[in-house]
Structure formats: structure tokens, C-alpha cells
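Here are my notes for your review. Please read them with the sequence and the structure open side by side.

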Amino acid sequence: MNNEITGAEIVLKSLAEQGVEVVFGYPGGAVLPIYDTLFKQNSIKHVLVRQEGGAIHAAEGYARSTGKTGVVLVTSGPGATNVVTGLTDAMMDSVPIVCITGQVPQHLIGSDAFQECDTTGITRPCTKHNYLVKDVNKLSSVFHEAFTIAQNGRPGPVLIDIPKDVQFASGTYEEKNKIIIPSHRLFEPSPDFEKNKIEEAVELISKAKKPIFYIGGGCINSGPKASTLVREFINMVGSPVTMTLMGLGVVGSSDKNSLGMLGMHGMYEANMAMHECDVMINIGARFDDRVTGRLDAFSPNSKKIHIDIDESNINKTINVDVPIIGDVKQVVEKMITVWKEKKFQIDDKALKLWWDKINKWKQVDCLNYNNEGKQIKPQYAVQRLYELTKNTKTFITTEVGQHQMWAAQFYKFEEPNRWLTSGGLGTMGYGFPAAIGAQVGHPDALVVDIAGDASILMNIQEMSTAVQYRLPVKIFILNNEYMGMVRQWQELLHGGRYSESYTDSLPDFVKLAESYKAVGLRAKTNDELDDVITQMIETKNTVIADIWVTKEENCFPMIQSGSAHNEMMLSKDQKQDKKSAEKGKILV
Amino acid sequence: MNKSVYASPDQVSETKRHILTVLVDNEPGVLARVIGMFSGRGYNIDSLNVAEVSNDENISRITIVTHGTSEVVSQIEKQLLRIVPVHSVTNLDQEGNSVEAEVALVYIYISETNKKKVYQLCDLYRARKIENENNTTIFEIAGASERVNRFIKEINEITKVEIVRSGPVAISSIQKNEEE
């Protein structure tokens, strides 16, 4: 009996043994015992957010910038339902999260008690796995399994729902190394996994005349070593490489092989190269619809290699020729070994012709925009932000919309884990709390949330969090008073009827910042921009920089919904094409 | 495959019936995880059967009858395997030899005029009388789904009936020790 401790103590002990340094959360009735235990210890720091939705995005930002697991602690009922968006976001973007929710005592479960909800039922489809722990003696093993599942294979969110009586009950703690997790509950490839496929793939690459690497977020999830290996392999092959929104940073923007981002708002040369390549090497990407465009016209003449840790991504939307299931760093390491052992050499002449063609596409200068006049163009604002921050260790987060795409196009990432954005779910309101999480993980780094005026209002309450913990997060608002991406689609697909996409009565962002005791700055014209950015960087507090940009700028290039990679729309031909507009209207 | 909104309309292969056997840890919520995956991703369940099969290991066997193109069914199998408590997924149609059966309980309204015909038909199909109190007659018929279908069709032509069916369960008839 002597070594029995309470459920709440087991929770904290498990977190400590798992190496957790910080928890993002919000207290409430059903988690009070855990908060009481938290109060009595000093090893784990707690960041109090202002709404649970902020906690989970902060944990995502922390996880993606540090490579560790993000931990969230919230109460039952509304506490749990408020994290559903963030769980879904983490599920889509493969972010390791452990979310602890309080639950009403077991004897009240099912009675529609105060702040009761079926948390495991609600979160089942938006978590990798979830638990309702009814026995205090199982609590520690559940925690250790939850952390392993969150990190193992394709990472994702795991939720642990703990009834209040279990938090009070006494039980025994079991250490991490005493827990045996059955292999079927994890992804564990054998060492020789897919060896033949790897050899087949490498040979295919060596025979390519027009190869392209298509890199996704899986390379970042596989750890920094994966990026190093991917860069090394691409250099050995000499092939062009394009990255998805989630994959930016795996290969540096300045790398001679990089064509930048592909997809709906990707680079013209990247999309054209995807369309015309003869061998496509997909590493850690999943043929998302924002990337592929119309499926029946997607890269019609290529052999496709697909490396993914999640077998369900293989042949889900695009049929591939050589699927390899495994972790990026292990697979690519083997690919490099095979390439060297067999002394493979790509056809230099063909490769040169391929690069010549790509360089012609580059001359289209797809990111070109008209930068005349005194008004700040949003693209220019991001370019200046990049120029003035490129020599500092900088993390960029974004919300969702036009500003997100401009950030992806104009901010140049040289390293992985520096770019945090909601890709799969497209969650407005992600960027600011994610920046808070990133800043908690990297107190000395510069963290900038490139935001839109609409998105930032979705989690603006976290200003209070940032100021409380003295987190010098910078919010860089590209303010056009519109939900810009919605307006752009209405312009292209709905006859220019701007239904509810104009935000009237926006707050004065400078005064808003000041009301939180943060610093507010504003730039209205080009000649004020650099000063504002410099001042923003040099300020040691939380800053909102309100950048007034031209209101009706659209984000180009663009593959309209229902179109193919070789049917890109450039800013110069921005007029409505009726036929594709009708087709595209029904799509998302 | 081609579940995306960007999909081309041409069908890749024909829709077929498949029987999937899913071995799972017998823990709370596991059935909800499995059927939630089907409804959430828009797959079909024609019938479903769950029972614990092994006492010592706490494992349940879920038998699911579904239909779809081979691409869709292969995606279903992979999605099932992503569920943490799932041990294995077997598509019995791809295994080749498998045996399937289901049970139906049929409440038959018998009168003097149809009694002889009913009993003849039940004899023919080897339907077993399992309840005979107070003139209620409940028959049990087991076997492949087509056989049960035929029986129900024929008995329906004779008299009014009420039916409950278990949905098929199936097992591979390939010797296990060959695989090992």
C-alpha cells in the first residue's frame, strides 16, 4: 500500500517520465485534482491559454518546432469539445499530441451530468487513438502507450479521458520500461523491410531522363536527419525537387535543385515539371487534392515511386508503380547505399535537356506582381519580412488564406521545422497559438505569425497568454479587410459577388495590442514598411504589426479547381474562364 | 480509389461483394472505431457480426460483408489496419477457399391449409423447428446466404413470415499450418 499514489499524481509522474517539460491547458471542474497536483510540483511548466482551442494549436506549434510531443490538459464537456478542431488539425498534419481531458466521475457518466460529454465518442474519428481510463492502476500504462502511439509510425493526436474519481483514486505507478506494447498496436517494419522495392526504385531513378522529387511533410516528421539524407540523395541524382506546403524547408529554397512549392498556388515550373516528368519520386507526401489538381490529368506519363509510412496513402487517389512503406530516413538511407553500391549514374545529357526545359519555365516568372504605387503589396510585405529576418533564427507560422500562400511563396525556408502552417485541415486561427507554442519551445528565437485580418481574430484572445508569459511573438497582419481567399474564389468562380467576405468593423489592431499591454505598430505605405518590420523585430514584447496592403490583390499563380498542372493561371491572365469556372464551382 | 472530388468519373473496376474478417482487441469502443471508419469514409456495410473467439487473449472476430471495387476494398483493408486495436484484416474472397454461413430464425404463421406445404419446404431445406409452444412455430435455418435467401423466398410464397438473420460469418478453409 505504501507505494500507492493518486491518479492525478500518476498523470504528472507519467508526463515527467516521458520527458514532458510543458503542458498547455485550461482548468475546470473535472480536472481540478490534476491541477492541484500540478501546483505542488515544479518540474513541469503549465501555460494557461485563454480558450482550449488555443491550447491545442500551441501544443501543435511546440511539437512541430521542437520535434517533441505536445501535451494538452483541459476539462470535460466544453473543454473537450473546444479541442476537437485542433485534434483534427493534428490528425491531418500528423502532429504528435497527447491530450488529457477530465471526465465527470464514473457514476455520473451517461446521466447527462454538468459538463459531461461523450469525449471518446466525439474524438474517435479525429484522434489516432483514444482512451477512457476507468481503472487507476491502468493509468500509467495508458500514458506510456499513448506517448508511444502519438510518436510512432505516422504521428498523430492521442486523447486520454480520465474521470474525476479515477484522478482521486489510489493506485500503483508502472515505469515506462515495464510496459510492453503489443506489436500490432504499433508500426514496426522489420530491418529488411521493402528491400527489393528500394532496389527497384533506385534503378528506376537511375534510368530516368526527366526525374522529379516530390517532397512532403513526412520528411519533416521523420526528423532532421531525414532532411539531410533527402538533400544528399537529390544532390547525388542531380534531379529537380519540389515540395508541398508541409514539406517546405526539407530542401533549402536556395538549393540549386529546388523548384519551390508545387500545387494549387505552387510554382509554374514545379507544376509543369510534375506534369512532364518521366519518373516521380514522392517522399512523404500523399497526393493531396491541393497538389494533384485534376486526377485524370495528373502527371500522365510518369512512373511513380511513393515512399510513405502510412500504407493507406498508397494508391489512395493516385496509382503508383513502386510503393515503399517505411520511415523516410531509413528508406532514403538505403536508397543512397544502393545508389553507391551499384554505382548508378543518371543520363547526364538527358538531365541537362530536362533542366534546360525547366529553366525556360522559370522564365515565365510566375510570382511576378505589379509593385507600382505607394500602397504596400502583400507579396512585397512578405519579401521585406524575409529580407529583414533571414539572418536571425526565425520560425514562421501562418493562419489560413491568401497570406498563407504568399508566405509560402515569398518567404524562403532553408531548414526544416521552421515553417508551421495548417495544411490538411486549413484551420484559420492556427497561426497565433502555434507561434506561442513555438516561442515556448524556442524562447530566444524570433517567431512571426504571418496572419490575415480575418484569421487573427479567430484566436485573438491568446494575446493575453502571450503577454502573461512574456512571449515576444510577432503578429504580422496583412490587412486587406477581406477574407482574401474567399473573395478571390468569389471573384473567379462566383461572378464577383462578394458574399459576406468583407469584414466590417475590424478592430484598431494597434489599440488592440496596447489594450493587452503589447506593442502595436502600423505601416500604411511602402516607405513605412521596413521601419515597422525592424521595430517589430527589435521590440522585446509581443507585437502586432498591422500592415495595410492593397485590398484586391489576388494570389497567383493558381491551378483552378478541376484543372490540371499544365493549366495554371498566371496573374497576367487573371480573367474569368467561364467554362472551368462552372466546372470548378462544385469543387472545394 | 478516386474518392476525391477531383476524381474522374470512369469506374476502374467492377463492384463486388467481399467478406472481411477483422481480428481486434476486445476493448471498449473497438466496434465503434471499425464501423465509424466505414461511415466516416463513405464505405458500405452490408452485414456485420461480432463475437469473442478466444478467451485467453481477449480477441474478438468481426466479420464484415461489404461491396465495392477492388480499389475501394483494398483501401478499406488499409484503413482498418490503421486502427490501433486491430490485429489483422483478411479478405476472404482473396484467400480463395473460404466457407461462409449464416443463421436465420423464421417465425412462420401456420394454418391447417398451409401446414403440409410449410413442413415439406422446411424438410427440404433442413430448417429445424426450435420452438413449438402454443402453436407458435419458429424455424432455424443455417447455411450460405443464397440458400437462406431461396428458402425465405419460397416460404414467403406460402405464408406470412417474420425473419431475423445473423448476417454471414466466414472462415478460410486453407490449412493454417501451410502458411506458417
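**Notes on the two-chain model**

What covers the buried residues of helix H2 of chain A? The cover includes strand E1 (4–6), helix H1 (7–17), strand E3 (45–48), strand E4 (70–74) and helix H8 (164–168) of chain A. Please keep in mind that this is a predicted model.

1. Helix H2 spans residues 32–39 of chain A, and its buried residues are A:Pro33, A:Ile34, A:Thr37 and A:Leu38. These residues sit on the same side of H2(A), because they cover an arc of only 145° around the axis.

2. **H1(A), part of that cover.** Helix H1 is among the elements that cover the buried residues of H2(A). H1(A) is itself mostly covered, with eight of its 11 residues buried. The buried ones are A:Gly7, A:Ala8, A:Glu9, A:Ile10, A:Val11, A:Leu12, A:Ser14 and A:Leu15. A charged residue, A:Glu9, is on that list. Check the backbone just after the helix: A:Gly19 takes a positive phi of about 80° there.

3. **Strand E20(A), enclosed.** Strand E20 of chain A covers residues 543–548. Six of its six residues are buried, so the strand is largely enclosed by the rest of the structure. In a regular strand the side chains alternate between the two faces of the sheet. Here A:Val543, A:Ala545 and A:Ile547 point one way from E20(A). A:Ile544, A:Asp546 and A:Trp548 point the other way. Both sets are buried.

4. **The neighbours of E20(A).** Which strands pair with E20(A), and how do they run? Strand E18 (residues 474–479) of chain A is joined to E20(A) by six bridges, and the two run parallel. In that pairing, A:Lys474 stands opposite A:Val543. Strand E19 (residues 519–523) of chain A is joined to E20(A) by five bridges, again in parallel. There, A:Leu521 has A:Ala545 as its bridge partner. From E19(A) the chain crosses through helix H23 (residues 526–538) to E20(A), in a right-handed β-α-β crossover.

5. **Domains of chain A.** The domain assignment gives domain 1 (4–173), domain 2 (195–362) and domain 3 (378–548) for chain A. The C-alpha centres of domain 1 and domain 3 of chain A lie 29 Å apart. Their contact takes 25 residues from domain 1 and 26 residues from domain 3. On the domain 1 side, strand E2 (22–25), E3, helix H3 (52–66) and helix H5 (84–92) of chain A each supply at least two residues. H3(A) gives the largest share of that side, 11 residues. By class, the domain 1 side has nine nonpolar, 11 polar and five charged residues.

6. **Chain A against chain B.** How many residues of each chain are in contact? The contact involves 23 residues of chain A and 22 residues of chain B. On the chain A side, strand E6 (129–132) and helix H13 (289–292) are the elements that give two or more residues. The residues of that side divide into six nonpolar, 10 polar and seven charged.

7. **A:Ala564, in a loop.** Is A:Ala564 buried or exposed? A:Ala564 lies in the loop between E20 and helix H24 (578–585) of chain A. The residue has 20 other C-beta atoms within 10 Å, so it counts as buried. Leaving aside residues up to four places away in sequence, A:Ala564 touches A:His275, A:Gly293, A:Arg294, A:Ala297 and A:Phe298. From A:Ala564 to A:Pro323 is 24 Å in space, C-alpha to C-alpha, and 241 residues in sequence.

8. **Domains of chain B.** For chain B the domain assignment gives domain 1 (16–95) and domain 2 (98–170). Taken over C-alpha atoms, the centres of these two domains of chain B are separated by 29 Å. Nine residues of domain 1 and seven residues of domain 2 of chain B make the contact. Strand E1 (16–25), strand E2 (47–54), strand E3 (59–68) and helix H3 (92–95) of chain B each supply at least two residues of the domain 1 side. The largest share of that side, three residues, comes from E2(B). Its classes are four nonpolar, four polar and one charged.

Conventions: Residues are numbered from 1 along each chain as its sequence is written. Chains are lettered from A and ligands numbered from 1 in the order in which they are written. This is a predicted model: local features need pLDDT of at least 70, side-chain atom pairs count only at pLDDT 80 or more; totals for chains, interfaces and linings use all residues. A residue is buried if 20 or more other C-beta atoms lie within 10 Å of its own, exposed if 12 or fewer, and partly exposed in between; C-beta atoms are placed from the backbone. Helices (H or I, at least four residues) and strands (E, at least two) are DSSP runs, numbered from the N terminus. The arc is that of the directions from the helix axis to the C-beta atoms. Two residues are in contact if their C-beta atoms, placed from the backbone, lie within 7 Å. Two strands pair if DSSP finds at least two bridges between them. A crossover is right-handed if, with the strands pointing away from the viewer, the path from the first strand over the helix to the second runs clockwise. Domain bounds come from an automatic or database domain assignment.
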